[in-house]
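Hello,

Here is the structure we talked about handing over. Please open it first, then read my notes below.

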Amino acid sequence: MTTPDPPAAYAHREAHLFRIGLAPIDHKDWFEGPYGSADGDPATRKAAIFAGDPDLCWGETEGSRPAQGEALTLVAEHLGVTPQADLPPLHAAALLVEDDLCLMERRGGEWTLSAASLCAPSFFSAKSVVGKSLAGLHGPVTGFGERLLPRVDRIFTHLADDQLVERRNWSVVSSGELFLPDERAVRSRQSEITPDMAGARLFVRMERQTLRRLPDTGALLFTIRIWRHPLSALRDRPERLSAFARAWDLVMTDDGEAFRNYKQLGPLDPLVRSFLAEALASA
Ligand code: HEM
């Protein structure tokens, strides 16, 4: 199997800022990387999470089934597969891909999360987000409402039927798990990590998100794919190691304050710097 190698989400000039950063992509690149990666078959992985606590990973609102059905048809056609027929359509679609799937519909004048399958969430859960508007979803993101919301709302409203866009973000977290609904459980283990463990216990966590219109219902399908690796993996990639070191420096500047505080990166600084000092010296 080829090793998935997505672009490094921190390797750009504004790696320390909240940004929209949407770029057009080709339809053939809708889903990224091989299906069934080191995380195993997505259907099996997701079914196990669903069996554990369905409310954390799945939610739908009344009236979302037509758009769910359209999403399922589009995903199944794209992959050339036949989906399971006995599940809510968006749930069935999510079992076919690594990505989490979120359906956005215009409700009461606002783009609203009408259904979602979330098996690799970064500190949120289906029960905490399904039914929320774009503004509500991004309440905790500093400055989103004033700076980004009007533009994101316009993009959602005007995205052409045949246009697909993607964006990427990144963070560092002290867990390599995919399913991270609960921030407190992860943060509470951070104090156990000593500088010599940082390379193995801290993970660069990157999200690749795509957005696509469902032309019949006018809804939007938002996909989220998580890529992550331990900091130590950067030792084998000198160009990524230096890009990461540069991004980390930016995050720790005054300009990076909102990004740093939102992602709670400040407390990780001594650990990350200790790893970087040693890795850069031996690069
Ligand atoms: C494509 C347009 C979107 C943009 C530009 C955007 C932007 C952002 C940004 C800047 C953040 C902060 C973390 C980061 O990415 O660095 C964020 C967090 C988040 N976004 Fe979005 N977002 C978009 C769409 C969506 C959609 C469709 C959903 C629906 C599920 C969503 C759900 C969230 C959630 C749940 C968070 C975490 C908020 C928290 O900390 O509680 N976003 N988004």
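**Ligand site**

Tyr 262 has a polar side-chain atom 2.3 Å from an oxygen atom of the ligand. Bear in mind that this is a predicted model.

The ligand carries an iron atom, and His 138 is its only protein donor. The donor atom is NE2, at 2.0 Å. His 138 also places a polar side-chain atom 2.8 Å from a nitrogen atom of the ligand. Where does His 138 sit in the chain? His 138 is in the loop that links α6 (134-137) to α7 (144-158).

Arg 167 has a side-chain N or O atom 3.5 Å from an oxygen atom of the ligand.

Seven strands form an open sheet with antiparallel pairing. Their order is β1-β5-β6-β7-β3-β4-β2. β1 (23-25) and β2 (58-60) are the edge strands; each has a single partner, so one side of each has no neighbour in the sheet. On average, neighbouring strands are turned by 35° against each other, ignoring direction.

How many bridges join β3 to β4? Seven bridges connect β3 (residues 100-107) with β4 (residues 110-117), and the two strands run antiparallel.

**Helix pair**

α10 also meets α12 (residues 269-281). Their axes come within 11 Å and cross at roughly 145°. The crossing is left-handed. On the α10 side, the contacts come from Leu 241, Phe 244, Ala 245, Trp 248 and Asp 249. On the α12 side, the residues include Val 272, Phe 275, Leu 276 and Leu 280.

Most residues other than glycine have a negative phi. Which residues have a positive phi here? Two to look at are these:

- Phe 123 is not a glycine, yet its phi is positive, at about 70°. Phe 123 lies in the loop between β4 and α5 (126-129).
- Gln 264, also a residue other than glycine, has a positive phi near 50°. Gln 264 lies in the loop between α11 (257-262) and α12.

Best wishes

Note on methods
Residues numbered from 1 in each chain as written. Predicted model: local features only at pLDDT ≥ 70, side-chain atom pairs only at ≥ 80, totals over all residues. Heavy atoms only, no water. Donors = N, O, S within 2.8 Å, 3.2 Å for Na, K, Ca; no water. Helix = DSSP H or I, 4+ residues; strand = E, 2+ residues; numbered from the N terminus. Pairing = 2+ DSSP bridges. Axes fitted to C-alpha atoms, helices over the stretch in contact; angles between N-to-C directions. Polar contact = N/O pair within 3.5 Å; in protein donor to acceptor, adjacent residues only side chain to side chain. Left-handed = near helix turned anticlockwise from the far one by under 90°. Contact = heavy atoms within 4.5 Å.
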